[in-house]
Amino acid sequence: MFELLEHPSMFAPPKWQSKTIVLAEAPEEKHTVWFRSLPDVADWLFANPMFEGEMGYRPQQIYEADGRTRIYHEMWSGDDWRAWQTAANTKGLTLQAGILASDATAMTSHSGGVTSHNVLFSLGNIPMESRAAIRNRAFLLVGFIPKSTWAKTSFGSRTEREDMVPILNKRLFHASMEVIVETMKGQQTRRCQDPDGWWRLVYTVIMAYLADLEEQWLILCLSKNRCPHCLAGYHDLDKPGKCAARTASSILQAIKRVQEALPSGYTAYQFVKAAQKEGLCGVERPFWINFEAELGIDLCHILCSDLLHGCHKFWNDHIVKWTANVIGKAELDARIRSQPHQSGFRSFPTGISRISQWTCRQTRDLQKIFLPATIGAPSQMSNLSNRMVRANRAALDYIQIAQYPCHTDQTLNELSASIKTWQDEKWVFVENGGRKGDDSGEVLKHFRIPKNHSPEHFVEHIKARGALIGQSTEQMERYHPLVSKNGYHLTNHKEHEVQLLHWLNRHERIAALSHYLSWCAVGRDLSGPELLQNSDGEGLVVDEVSGGHLRESELQLAVEDNITAEDPESEYASLEGKRLTKTPHKKATTLAQLAEDHEIPGLEYAVATYLRSLDPAIAAWPKEFELVDVWYDLRVEIPVVNDFYGVEWRRIRARPPHAARKSGTHFDPVLIHDTDDAEVVGLDGYSVGELRLIFRPTSVRRYPTQPHRFPQFLAYVLSFSNIKLNGANPHSQLFQVYKLYNARRER
């Protein structure tokens with residue numbers, strides 16, 4: 001089996017290469033960088049049969065039914081792809097929109113201190129939902145960045161060693177990245193087969209670079225506490241708006257100014273000290289120094305906004321902490337504990353103050369309940385309390401809107417408005433004393449936090465490269481265990497890079513073989529169609545070939561620039577669906593027993609009233625309802641806003657207390673579709689209730705082929721008060737509903 005996998009003709013990713021690097025500042029130390037050719041990796045991903053029928057091959061401008069409102073979703077819907085496609089050297093070609101990503105990750109837990117600096121590569125031609133799925137292996141590891149303690153290098157003093165060791169590692173990073181991206185230079189137009197079997201003339205460009213904020217500073221050779229996207233320095237970070245765009249040439253000019261100001265024969269340590277005064281980190285030769293001249297790329301422009309750290313981590317590390325400082329940790333924990341548990345989302349039965357390590361999913365789940373938990377919190381000044389609610393609402397608004405998988409001109413305006421509201425209202429945390437320093441405990445009267453400034457660039461990045469959810473480092477973080485962590489634990493931890501690459505190569509070949517065999521099993525014609533030509537014979541714009549059998553969606557991708565999306569309002573009514581287990585959780589139970597178990601005193605009367613509304617001729621209790629089967633939960637399909645949202649199923653529970661423990665009760669709140677005015681977005685035409693019971697007559701199970709005069713499945717919902725659409729809280733913008741009781745205080 002291993003011989004088969006290692007055979008040269010085996011369908012497999014590109015092979016690894018290595019190169020030895022020696023820095024001029026440390027000639028005694030040699031380091032090996034392992035890498036793959038980026039164009040070869042791009043060709044491999046481009047031809048992967050896993051992405052058949054999904055790939056994007058040319059830029060699009062998509063509009064809503066009015067023909068004026070533009071939609072941004074995948075990378076090919078942004079402006080950057082169109083600019084590349086119309087450039088002189090790529091006109092008429094199919095672009096492979098490369099996505100570079102780099103990040104350092106810990107290989108050991110709690111001990112050892114071994115880290116791996118991984119460089120990954122993917123394609124923007126692959127839809128972002130497929131890129132995020134680990135099973136698709138849409139990100140390939142293309143390089144390991146070495147790291148050293150520089151034990152063989154001598155320094156002038158202990159202080160110089162402490163200062164220079166991290167700087168030398170930064171220079172080693174740039175020297176290693178220069179080796180990796182060198183494979184992009186001088187590439188030629190080449191023939192490559194796409195997942196659908198068509199041969200195309202392709203050219204690889206780097207269109208996006210995913211990195212967290214620390215990594216972005218390293219990539220751009222900047223010191224901390226400044227914006228990587230614009231010229232905002234430390235003292236500009238809490239000012240509204242953004243500064244002029246930062247460019248690669250401006251950074252190179254700053255490096256040149258430092259070099260010219262130093263005397264001839266200056267040392268690396270002298271350059272570092274002088275560079276730090278100019279806002280630089282101390283790297284003299286960035287790996288992208290010739291990018292603009294040789295590849296036509298400004299690295300500052302292709303760096304992406306990071307939702308994982310720029311939104312979720314910023315909110316959890318700062319805004320939640322500031323709110324807790326005002327309300328009090330004990331009070332906030334009590335309010336979080338009191339929030340109703342929602343199926344599919346984490347609850348916080350002990351509060352949040354004791355949680356030290358947060359995952360992104362936990363943070364998202366906390367965001368869903370945080371705002372209602374802070375409403376009405378005790379405060380000495382009610383005006384400041386209301387302003388704090390408005391600030392929290394604005395922050396959560398822009399975080400949620402930024403995560404949309406598709407955007408329109410309207411949502412971008414809403415995003416900008418939410419960011420502006422947050423920037424205006426954030427000062428309440430200074431006035432109420434919540435903005436405290438971690439070390440001193442004193443109130444800080446500024447917001448010079450780079451992650452607080454980063455939302456100012458969200459709109460421009462969406463217009464350039466599509467939805468931010470497809471540019472987040474969260475996609476890259478998921479691949480760390482797959483490409484390095486899992487394999488490291490199988491090595492002997494000595495010179496583990498070579499062992500790890502051998503393990504990774506074998507696993508990639510197994511996955512590639514599995515994908516290929518699955519693709520062949522469908523009955524494909526493996527000979528493949530001819531090379532696609534456009535009307536000018538230059539390349540691959542119009543997919544009109546003699547005898548070709550293209551799907552309509554493929555033809556649309558190839559020949560249309562402006563696509564008008566259909567109005568979705570009439571399209572989604574038929575998508576509503578429900579799923580129940582084949583076997584009920586409880587069989588043949590009387591309604592009287594269920595009324596006691598599920599705490600529904602008037603259940604029998606309610607069922608009788610409903611049945612008579614269906615058939616007024618019913619005089620006696622129908623025998624079909626003497627015994628019923630019961631389900632404790634069901635899954636419902638959440639209506640989607642438009643075609644750019646994936647199908648999502650949500651579990652809704654109607655679980656009574658456990659018979660032995662008298663606990664475990666879960667009666668989930670639901671939205672009830674009351675009138676025809678109800679739409680996918682908004683609350684008009686809906687009411688709120690609490691699902692108490694899901695049941696059907698036992699006769700349906702016993703006689704499945706016989707006709708039934710009543711609905712097969714029924715649900716009992718306790719209603720809340722009506723939603724007053726004009727009665728939202730002016731500060732939180734939330735609606736309030738109440739439980740309804742009769743004269744005997746029964747619901």
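Visitor: How do the residues lining the largest cavity divide by class?
Guide: In this predicted model, the lining divides into 5 nonpolar, 7 polar and 3 charged residues. Ala, Val, Leu, Ile, Met, Phe, Trp, Tyr, Cys and Pro count as nonpolar, Asp, Glu, Lys and Arg as charged, and the others, Gly among them, as polar. A cavity is a set of points on a 1 Å grid over the protein atoms alone where a 1.4 Å probe fits but cannot get out, and lining residues have an atom within 4 Å of a point.

Visitor: Which residues lie nearest its centre?
Guide: Of the 15 lining residues, L213, Q216, H229, D306 and S454 lie nearest the centre of the largest cavity.

Visitor: And which helix gives the most to that lining?
Guide: Helix α17 does, with 3 residues; helices are DSSP runs (H or I, at least four residues) numbered from the N terminus.

Visitor: Changing topic, at what angle do α15 and α18 cross?
Guide: The axes of α15 (residues 409-425) and α18 (residues 458-465) cross at roughly 160 degrees and come within 10 Å. That makes α15 roughly antiparallel to α18 (angles over 145 degrees count as such). Axes are lines fitted to C-alpha atoms over the stretch in contact, with angles from 0 to 180 degrees between N-to-C directions.

Visitor: Which residues make the contact?
Guide: L412, L415, S416 and I419 of α15 meet F458, V459, I462 and K463 of α18, where contact means heavy atoms within 4.5 Å.

Visitor: What conventions apply to numbering and confidence?
Guide: Residues are numbered from 1 along each chain as its sequence is written. Local features need pLDDT of at least 70, side-chain atom pairs count only at pLDDT 80 or more, and totals for chains, interfaces and linings use all residues, while side-chain values use heavy atoms, leaving out hydrogens and water.

Definitions and conventions. Helix = DSSP H or I, 4+ residues; strand = E, 2+ residues; numbered from the N terminus. Parallel < 35°, antiparallel > 145°, perpendicular 65-115°, else oblique. 1 Å grid on protein atoms, 1.4 Å probe; cavity = no way out; pocket = protein on both sides within 12 Å on 5 of 7 lines; lining within 4 Å.
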